[in-house]
Amino acid sequence: MEMRQTDLVDFFGQAFRYASIVQEERNRFVRQEGKTAAVLLAVVRREGQWQILLTRRADTLRHHTGQIAFAGGRSDEGDKDFIVTALRETEEETGIAPHFWQVFPLLPPYYTPSGYEVHPVLALCLENPPTCANSGEVAEIFYLPLDFALDMGNYGSRSFIHEGNMIATPVLPYLHYDIWGLTALILYGLAERYRYYCAGQKGVE
């Protein structure tokens with residue numbers, strides 16, 4: 001059964017309170033503070049269901065070409081907080097203005113081997129806002145059903161070596177898309193948090 005709007009808003013409002021074991025384990029091995037960035041984990045109402053907005057990075061970019069990503073990017077000096085960063089970058093990449101989004105408390109940061117501290121911002125839009133992809137950064141905008149992303153049984157695992165340590169990280173195959181790296185890690189963390197959230201809700205019934 002699809003999540004009701006009130007339940008989704010409640011979960012997003014509380015998600016930061018719940019742990020992601022995979023995130024904590026990954027951050028222990030990959031913790032290179034320095035550059036900061038923020039991404040928008042953006043959920044829209046589209047085709048009668050909740051769907052997550054994702055992008056496929058342009059093949060012309062210098063780094064992470066063709067990879068599946070959330071809209072977002074590096075913090076600018078003028079950004080007053082990470083929410084501003086995520087909303088600004090989302091507008092630059094997808095054309096969706098900040099006023100479309102209801103935002104929620106930040107999730108704990110993720111650290112990347114390239115030295116970024118990445119802050120996920122949960123966001124919700126009760127409609128399907130029009131998009132205009134920035135062709136210099138985004139090759140494609142597509143949507144992933146939220147229910148699919150929250151089902152931990154849909155994830156696989158892939159390993160990589162970082163500074164001599166073998167680290168297993170989630171992957172999420174969807175249609176012809178190979179969702180891996182930080183994007184899959186954040187999505188899996190959301191699924192973990194949702195599992196704990198649901199367990200907590202049953203505990204108070």
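## N27 and helix α2

Leaving aside neighbours within four places in sequence, N27 touches P109, Y110 and Y111. This is a predicted model. N27 sits in helix α2. Its relative accessibility is 9%. Buried means under 20%, so N27 counts as buried.

Helix α2 spans residues 21-29, and its buried residues are V22, Q23, R26 and N27. They cover an arc of only 125° around the axis, so they lie on the same side of α2. An α-helix has 3.6 residues a turn, so residues three or four places apart point the same way.

Strand β7 covers residues 116-125. Nine of its ten residues are buried, so β7 is largely enclosed by the rest of the structure.

Which strands pair with β7? Strand β1, residues 35-46, runs parallel to β7 and is joined to it by ten bridges. Within β7, L124 stands opposite V43. Strand β5, residues 102-103, runs antiparallel to β7, with two bridges between them. Here Q102 stands opposite L124. Strand β6, residues 110-111, also pairs with β7 over two bridges, in the antiparallel sense.

Y111 has E117 of β7 as its bridge partner. Y111 is also one of the residues in contact with N27.

## Nonpolar cores

How many residues make up the largest nonpolar core? The count is 40. Those with the most contacts inside this core are V43, I52, L144, L146, I179 and L187. Helix α5, residues 181-203, supplies the largest share of the core, with eight residues. A second, separate core has 15 residues, including A38, A42, V121 and I141.

V43 links two parts of this account. V43 is among the residues with the most contacts inside the largest core, and V43 stands opposite L124 in β7.

## Around L144

What does L144 touch, leaving aside its neighbours within four places in sequence? Its contacts are Q51, I52, L54, A149, L172, Y174, I179 and L187. Among them, I52, I179 and L187 are also listed with L144 as having the most contacts inside the largest core.

Conventions: Residues numbered from 1 in each chain as written. Predicted model: local features only at pLDDT ≥ 70, side-chain atom pairs only at ≥ 80, totals over all residues. Heavy atoms only, no water. Buried < 20%, exposed > 50% of the residue type's maximum accessible area, 1.4 Å probe, protein only. Helix = DSSP H or I, 4+ residues; strand = E, 2+ residues; numbered from the N terminus. Arc of directions from axis to C-beta. Pairing = 2+ DSSP bridges. Contact = heavy atoms within 4.5 Å. Core = buried A, V, L, I, M, F, W, Y, C linked by side-chain atoms within 4.5 Å.
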